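Try each task before reading its solution.

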Amino acid sequence: MQHQFDAHAANKLQIQNISKQFKSQSSVVQALSNVSLSIAEGEFLCLVGASGCGKSTLLDIIAGLTKPDEGAVYADEKKVDGPGRQRLVMFQESALFPWLSVLGNVMFGLKLCPDLPKSQHKTIAMEFLKLVGLEKFARSNTHELSGGMKQRVALARALAPSPRVLLLDEPFAALDAMTREQLYDDLQHIWETHRKTIILVTHNVREAVCLADRVVLMSPSPGRITQEFEIDLPRPRDINSIALSHYTQNITRALKGNQTLDEAHG
Amino acid sequence: MKRQLRASVFFISLVLIWQLAATSGRWSPIILPPPVQIAEYLWSAALDGSLWEACLVTLKRLMLGYLAGAMVGIPLGLLMSTSQFTEDTLGALALGLQTLPSVCWVPLALLWFGQTETAMLFVVIMGTMWSVMIATDTGARNIPPIYARAARTMGSDGWHKWTHVILPASLPYLISGLKQGWAFAWRSLMAAEIYVTILTGFGLGHLLHYGRELNAMDQVIGIMLVIIWIGLIVDKIVFSPLERLLHKRWGTGIIQR
Ligand SMILES: Nc1ncnc2c1ncn2[C@@H]1O[C@H](COP(=O)(O)OP(=O)(O)OP(=O)(O)O)[C@@H](O)[C@H]1O
Ligand SMILES: [Mg+2]
């Protein structure tokens, strides 16, 4: 069994010199500029950075939903040129399908797994709904859920097909503290038992430290990676543990440094 | 309950006013027969079976033409939504032909197919498919891109994408398109039946036509009422429940029931 931190572990995801511009009639936004990043098989990586620094864009490119202007993403040494079921995105907006019930939404991805017997679809979907505490709402329509509940259904929908790479865009932003802490535990548990590669975007530094093996800081205009922090703490980690504070302080300071740097530039 | 009561009072008063006007003697009963006479006509036509026969013939034509029109219109609409090119070509064609009142297809259908069932079907299909096509295209083009992206990352593409994402996501537009298509189909079939006199089946439109030839105003108004009822019933038993289901799923609609 290969250890995740093994220096020889194959890099699961190679992001090489990615640049991406968005042009509109009035302006050009350099969403990403020359971003490179290697993510090992089974690594938990958190992306942190100011609003608009290109985090969602980077996830889209890794997922294969957006083509970069320059550079390329390699998954298992193969160039990514389209979405694949092994890299599943949970979007910042919940993006639930209104024509399906809550259960139908969670089953959507399961039904597309070629080697999963039909009889299992519902069982697995219900398992993940239970995980996010919404099994009672299986038959509900999506518009009947609150913002946080929708977010949890979207999380269940992303987890259920068990993709090897999970790309989570601010999955806990709309949740109350209690649910959130529960889901930190659950996500760590899923990650450890199923050996997934996870890239998670968040604005919450403490959350990043609690979950990540490595926290990557990004800064805006042009969007780029400024710093990386290895989080060398035993797992499972508790969000309220005092041990996180040291890292949290360092990262927060670095984030503020980014901002003052930008002001000096501008 | 109260709503129904008020509606009934309204319609009963209408009929009463009509009855009074007809019996006042100011208009000849050929121009304005009293409602009782129309009820008598409908009753006798129902008893001798000619009314049911005509309804059946008409509904059969309508169903065939409508289903065919929708089955051609939906895939063409989806095709139309796939690119700028199809929008500029197929789209322009559909828009142009949709604005053509469906009765205008009758002369062409007669010349092409003669006095046949095919001519009838053709007119109904032309009445239905263009509006269904345009509604499908509009629906597909108005899908929030996030749905398509979410579906793609879960591995949905090709055929699955069309049947499980684009089609259901455009349902709100599609259903209003199908409803409009239904209204057009109904109108075009009546036009066809009034103009195309064939022996293979005697529909409601024919009854209306011969009512005029025989100066039988009770028949004309009676059949008109039947045509209205059929339209209403289809709306109530097919489209209203569909729309309610849709509003319930999507959480749309302002009126709370
Ligand atoms: N489709 C698009 N068209 C034009 N500009 C875009 C598009 N998507 C993103 N951008 C721009 O690219 C930049 C990066 O956007 P992105 O959504 O990746 O930011 P983010 O880091 O995810 O921000 P947040 O934390 O607020 O979610 C922004 O300036 C945004 O305006
Ligand atoms: Mg974002």
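**Exercise 1.** Which of the 13 residues around ligand 1 come nearest?

*Solution.* Keep in mind that the model is predicted. Start from the 13 residues around ligand 1. Then pick out those that come nearest: Ser51(A), Gly52(A), Lys55(A), Ser56(A) and Thr57(A).

**Exercise 2.** Find polar side-chain atoms that lie beside an oxygen atom of ligand 1, and test each pair against the 3.5 Å cut-off for a polar contact.

*Solution.* Take Ser51(A): its polar side-chain atom is 2.6 Å from a ligand 1 oxygen. For Lys55(A), the distance to an oxygen of ligand 1 is 2.7 Å. Glu170(A) has a polar side-chain atom 3.4 Å from a ligand oxygen. Each pair is within 3.5 Å. Next, turn to the cover: on its own, ligand 1 has 630 Å² of accessible area, and the protein covers 62% of that.

**Exercise 3.** Which helix gives the most to the shell around ligand 1?

*Solution.* First list elements of chain A that supply at least two residues each: strand E2 (28-40) and helix H1 (55-63). H1(A) gives the most, with three residues. Now sort the shell by type: four residues are nonpolar, seven polar and two charged.

**Exercise 4.** Where in chain A does pLDDT stay under 50?

*Solution.* Begin with the whole chain. Chain A has an average pLDDT of 89, and 93% of its residues score at least 70. Then look at residues 1-9 of chain A, where pLDDT stays under 50. For this stretch, the model has 14 contacts beyond four places in sequence.

Conventions
Residues are numbered from 1 along each chain as its sequence is written. Chains are lettered from A and ligands numbered from 1 in the order in which they are written. This is a predicted model: local features need pLDDT of at least 70, side-chain atom pairs count only at pLDDT 80 or more; totals for chains, interfaces and linings use all residues. Side-chain values use heavy atoms; hydrogens and water are left out. A residue is near a molecule or strand if one of its heavy atoms lies within 4 Å of it. A polar contact is a pair of N or O atoms within 3.5 Å; within protein, one must be able to donate a hydrogen and the other to accept it, and residues adjacent in sequence count only if both atoms are side-chain atoms. Accessible areas come from the Shrake-Rupley method with a 1.4 Å probe; for residues, only the protein chains shown count as cover. Helices (H or I, at least four residues) and strands (E, at least two) are DSSP runs, numbered from the N terminus. Ala, Val, Leu, Ile, Met, Phe, Trp, Tyr, Cys and Pro count as nonpolar, Asp, Glu, Lys and Arg as charged, and the others, Gly among them, as polar. pLDDT is the predictor's confidence in each residue, from 0 to 100. Contact means heavy atoms within 4.5 Å.
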